[in-house]
Amino acid sequence: MRRTQPKGTPLIYHYLKLYQEDPTSRVFAPLAEAYRKAGLLDEAIEICRDGLRIHPNFIGGRVALARAFFDKKYYADVVKELEPVVLDAPDNLVAQRLLADSYLVLGRIAQALGAYKVLLFFTPQDAELGSMVREIETKAYEDGVLVLQNDPIQLKSYSVKGASNAISDDPTVKKKEWMKKIEGLQTMLLRVQRFKLANKA
């Protein structure tokens with residue numbers, strides 16, 4: 001698809017020229033980012049979708065699309081786009097931050113805390129982030145959004161009030177739900193540990 005030059009910065013013209021020369025290249029990601037920074041969010045989303053049809057597993061393209069979604073306040077779309085990204089690359093700090101911020105805006109406090117804590121794992125020197133995590137967690141407990149479980153099998157795991165309580169009062173069902181959450185957390189921690197070890201090598 002050949003696009004006319006939009007109003008914007010010289011950077012847009014530079015990447016647009018490269019993209020027009022080879023529409024199958026990955027240059028769509030920096031082009032989309034240039035569009036986004038110029039406030040051309042619809043163009044950024046369109047170019048990302050075009051590029052991702054050719055390069056569906058290109059993380060840089062997915063992050064660029066998520067950035068545009070975030071600026072458009074399409075937070076649910078950010079989550080849908082980035083959840084698979086952070087599973088494969090938990091050390092992608094931009095993706096983790098966008099995902100955490102989107103969870104928070106959507107009121108998904110437990111998920112937001114999880115994403116912020118993974119981010120803090122990779123950036124322990126970030127005092128501001130650490131303070132924010134403590135503040136959110138404290139308020140979540142005070143508001144009853146998060147509660148600690150006393151079941152020995154689920155010791156110190158989190159429970160989210162609201163929708164989870166509507167699933168079932170059957171202890172067997174609740175236990176299965178929690179085991180699933182624990183398995184997911186363990187998988188995430190293993191991925192994080194592998195990335196940490198790889199970075200030390």
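This is a predicted model: local features need pLDDT of at least 70, side-chain atom pairs count only at pLDDT 80 or more; totals for chains, interfaces and linings use all residues.
In which handedness of crossing does α3 pass α4? The crossing of α3 past α4 is left-handed.

The protein chain contains nine helices and two strands. Read from the N terminus, its elements follow the order α-α-α-α-α-α-α-α-β-β-α. The chain has 201 residues, of which 38% count as buried. Among contacts in the protein chain with a separation of 6 or more, 45% come from residues 24 or more positions apart.

Two packed helices are described by the angle between their axes and the distance between the axes. For α3 and α4, the angle is about 155 degrees and the axes are 9 Å apart. An angle over 145 degrees counts as roughly antiparallel, and α3 and α4 are therefore roughly antiparallel to each other. On the α3 side, the residues that take part are L41, A44, I45, C48, R49 and L52, and they meet G61, R62, A64, L65, A68, F69 and D71 of α4. Sorted by class, the contact of α3 with α4 comprises nine nonpolar residues, one polar residue and three charged residues.

D42 belongs to helix α3. D42 counts as partly exposed because its relative accessibility is 47%. Between D42 and F69, which are 27 residues apart in sequence, the C-alpha to C-alpha distance is 9.1 Å. E46 is likewise placed in helix α3, and with a relative accessibility of 35% E46 counts as partly exposed.

How are the axes of α2 and α3 arranged, in distance and in angle? They come within 8 Å and cross at roughly 170 degrees. This makes α2 roughly antiparallel to α3. From α2, the contact draws on F28, L31, A32, Y35 and R36, while α3 contributes L41, E43, A44, I47, C48, G51 and L52. By class, nine residues in the contact of α2 with α3 are nonpolar, one is polar and two are charged.

The remaining pair is α2 with α4. Helix α2 covers residues 28–37 and helix α4 covers residues 59–71; they pack at an angle of about 15 degrees, with their axes 8 Å apart. The angle makes α2 roughly parallel to α4. The crossing in which α2 passes α4 is left-handed. Here α2 supplies F28, A29, A32, E33 and R36, and α4 supplies G60, G61, A64, R67, A68 and D71. In this contact of α2 with α4, five residues are nonpolar, two are polar and four are charged.

K73 is not a glycine, yet it has a positive phi of about 70 degrees. With 59% relative accessibility, K73 counts as exposed.

How many residues does the largest nonpolar core have? The core has 44 residues, and those with the most contacts inside it are F28, L31, Y35, I47, L82 and Y116. At least two residues of this core come from each of α1 (10–21), α2, α3 (41–54), α4, α5 (75–88), α6 (93–105), α7 (109–122) and α8 (127–143).

Y116, one of the core residues with the most contacts, touches R97, A100, D101, L104, L129, M132, V133 and I136 when neighbours within four places in sequence are left aside. A112 lies in helix α7. Is A112 buried or exposed? A112 is buried, because its relative accessible area is 0%. Apart from residues up to four places away in sequence, A112 is in contact with A100, Y103 and L104. A112 and R97 are 15 residues apart along the chain, and their C-alpha atoms are separated by 9.4 Å.

Conventions. Residues are numbered from 1 along each chain as its sequence is written. Side-chain values use heavy atoms; hydrogens and water are left out. Axes are lines fitted to C-alpha atoms, for helices over the stretch in contact, and angles run from 0 to 180 degrees between N-to-C directions. Helices (H or I, at least four residues) and strands (E, at least two) are DSSP runs, numbered from the N terminus. Angles under 35 degrees count as roughly parallel, over 145 as roughly antiparallel, 65 to 115 as roughly perpendicular and the rest as oblique. A crossing is left-handed if the near helix is turned anticlockwise from the far one by less than a right angle, and right-handed if clockwise. Contact means heavy atoms within 4.5 Å. Ala, Val, Leu, Ile, Met, Phe, Trp, Tyr, Cys and Pro count as nonpolar, Asp, Glu, Lys and Arg as charged, and the others, Gly among them, as polar. A nonpolar core is a set of buried Ala, Val, Leu, Ile, Met, Phe, Trp, Tyr and Cys residues joined through side-chain atoms within 4.5 Å. Buried means under 20% relative accessible area, exposed over 50%, partly exposed in between (1.4 Å probe, protein chains only).
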